[in-house]
Amino acid sequence: MPITAVDSVMVEAEAAAFAKRSVKGEAATQGMRMALSMLDLTTLEGKDSPQKVRALCRKAVQPCGAMPDLPHVAAVCVYPAFVALAKRELDGTGVRVASVATAFPSGQYPLSVRLADVRAVVDAGADEVDMVINRGAFLAGDRETVSDEIRRVKETCAGAHLKVILETGELETYENIRRASDLAIEAGADFIKTSTGKIKPAATMPVVLVMLHAIRDHYLRTGCMIGMKPAGGISTAGAALSYLVMVKETLGDAWLTPDCFRFGASSLANDLLRQLARQATGSDTAKYDFSEA
Amino acid sequence: MMAERLAVPKTFKLYIGGKFPRTKSGRTIRVAHRDERIIAHVGRASRDDLAAAVAAARGAQGAWANATAYLRGQIMYRMAEMLDGKHEEFTSLLASTVPGGIRRARKEVGAAVDRLVCFAGWTDKFSHVLAGCNPVAGPYDNVTVPEAVGVTAVIAPDEEPLLALVSLIAPPLCVGNTIVALGSGAHPLATCVFGEVCATSDVPPGVVNLLTGMRSELIPHIAHHRDIDAIHAANLPKSQRQVLRAGAAENIKRVTVHKLAADAWYDDNACHNPWLIEPFVEMKTTWRPVGA
């Protein structure tokens, strides 16, 4: 596989320019509705309970009772233990169930355990599997192992969509991020995803731009569309709009669907709802106007 | 011979979340000296700046209300100290735009310092005045204690721009409310420099936020902002009072609008009164079983 150099100065300047676009009025409303429909509404905490997952599922189907015409989100993203529950709650709603697997977030378990993890969530009915790559092996230069493991996970996924988490916050350089993206795409990822959300920095615009370039080059080479999921650290509607502008101008309108682009976030939903309500009613909202889940 | 130094005029900005940001819209208002020279530009806050200030105030409110009364008192006393330390600066800024000259301005600054000291003292005393031990017909202790309502918006009048601003901020602040204050539109300089007082007095970021701008533009947004819990204002025309009350009904804000002549702000008996605090507390009553 050719190694693509990354011009970090250029990438950062380009990403910064996307963040300066002014999206207002009707365009902003459309963009925020689109961002909502691309959301993987996420809860990945040790203290998650069936009640919290149920509340999250209700919110996924109808994000805000006061604005019933809003689209549902793309998916809920939960730990393996809650897949069956989420699947039951979301049956027939069009909202997909994503689960993290492969010993998320560290991935530092034997491969057999990680594969068993994947098998369990697929058996429980997960539509999408979010795996973590072996960063230790990647940084040690052992790309074969990383690639091999992704292939094995992909086989185990059967029909479920595979999102490959690179954990860019641990990959040190843009070049590494580009290489990891290329490697994940070659190994069979349906989506590449920035982060677990457990490591800072999580998604940043330059990092996502580097990954979008990998997706673009793969598409130009093969005609095959890989999806992108920035996750972690995107908490405002304004930031979400900047990402959408960047995707549109880097990959084109074809990627602006929940099939090709997702936001992994927990607090972004409420900011989107806040801004949409503000545009609809003219009143600024209070925190208690929206449910926390 | 030393060359004469160039003056270093201040760039006045807003004070939000402990920082001094420019307005999001980039708009400013020109401030004219009494002799009609333009002496400064100050920020003209928009709805977005107000929203940022309210978000900062909301973020800071829990910790400010949970701080000990002693600490809130210390910090407010420190504000008084810092304000007193800037006595000359405030006096000359006020005198440059407010009719009445240096002598009037000096009196206003002194009264503002005294007002802060007074309410710094009330921080650990108001609950003894406003709380109650209620006689109930049953085997219970029944106690009512006052707690802060939350985020309070202050709308200062043009008369006595510093003293009125401080007088409207201090009562809600001392009980644990956080403040989003819109200073006088006609005489905004004191509001801008008061931010420096807050920033150097250990006031936690977000506890006091100061905006300058047009009252007519911002009052509807203040009225309709659902994350503001109370409003403290003075000397508003009837039309603006109506806008406030209509918007406030939406989330049941507590609206207190005083009507005070310029010299009434100096009346310590009227202005150092704990009943000025009462509109900004929520009464919490607890029942505790006693005996068998």
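A charge sits over a ring if NZ of Lys or CZ of Arg is within 6 Å of the ring centre and within 35 degrees of the ring normal. The views below are taken from a predicted model.

**View 1. Charged side chains over aromatic rings in chains A and B.** In chain A, R143(A) is placed over the face of F138(A), 5.5 Å from the ring centre. In chain B, the charged end of K107(B) lies over the ring of Y266(B), at 4.1 Å from its centre.

**View 2. The aromatic cluster of Y243(A), F261(A) and F263(A).** Over all chains there are six aromatic pairs. In one of these, Y243(A) with F263(A), the ring centres are 6.2 Å apart and the planes stand at 90°, so the pair is edge-to-face. Y243(A) belongs to helix α10 (residues 237-251) and F263(A) to strand β8 (residues 263-265), so this pair ties together parts of chain A that are 20 residues apart in sequence. F263(A) also pairs edge-to-face with F261(A), with 5.1 Å from centre to centre and 90° between the planes. Y243(A) and F263(A) are buried, and F261(A) is buried too.

**View 3. The interface between chain A and chain B.** Nine residues of chain A contact nine residues of chain B. About 830 Å² is buried between the two chains, and carbon and sulfur atoms give 34% of this area. On the chain A side, R278(A), S283(A) and D284(A) lose the most area to chain B, together 55% of what that side buries.

**View 4. Salt bridge between R47(B) and D284(A).** The N to O distance in this salt bridge is 3.3 Å. Between chain A and chain B there are three salt bridges and eight residue pairs in polar contact.

Note on methods. Residues are numbered from 1 along each chain as its sequence is written. Chains are lettered from A and ligands numbered from 1 in the order in which they are written. This is a predicted model: local features need pLDDT of at least 70, side-chain atom pairs count only at pLDDT 80 or more; totals for chains, interfaces and linings use all residues. Side-chain values use heavy atoms; hydrogens and water are left out. Rings of Phe, Tyr and Trp (its six-membered ring) pair if their centres lie within 6.5 Å; planes under 30 degrees apart count as stacked, over 60 as edge-to-face and the rest as tilted. Helices (H or I, at least four residues) and strands (E, at least two) are DSSP runs, numbered from the N terminus. Buried means under 20% relative accessible area, exposed over 50%, partly exposed in between (1.4 Å probe, protein chains only). Contact means heavy atoms within 4.5 Å. Buried area is the accessible area (1.4 Å probe) that two parts lose on being put together, summed over both. A salt bridge is a side-chain nitrogen of Lys or Arg within 4 Å of a carboxyl oxygen of Asp or Glu. A polar contact is a pair of N or O atoms within 3.5 Å; within protein, one must be able to donate a hydrogen and the other to accept it, and residues adjacent in sequence count only if both atoms are side-chain atoms.
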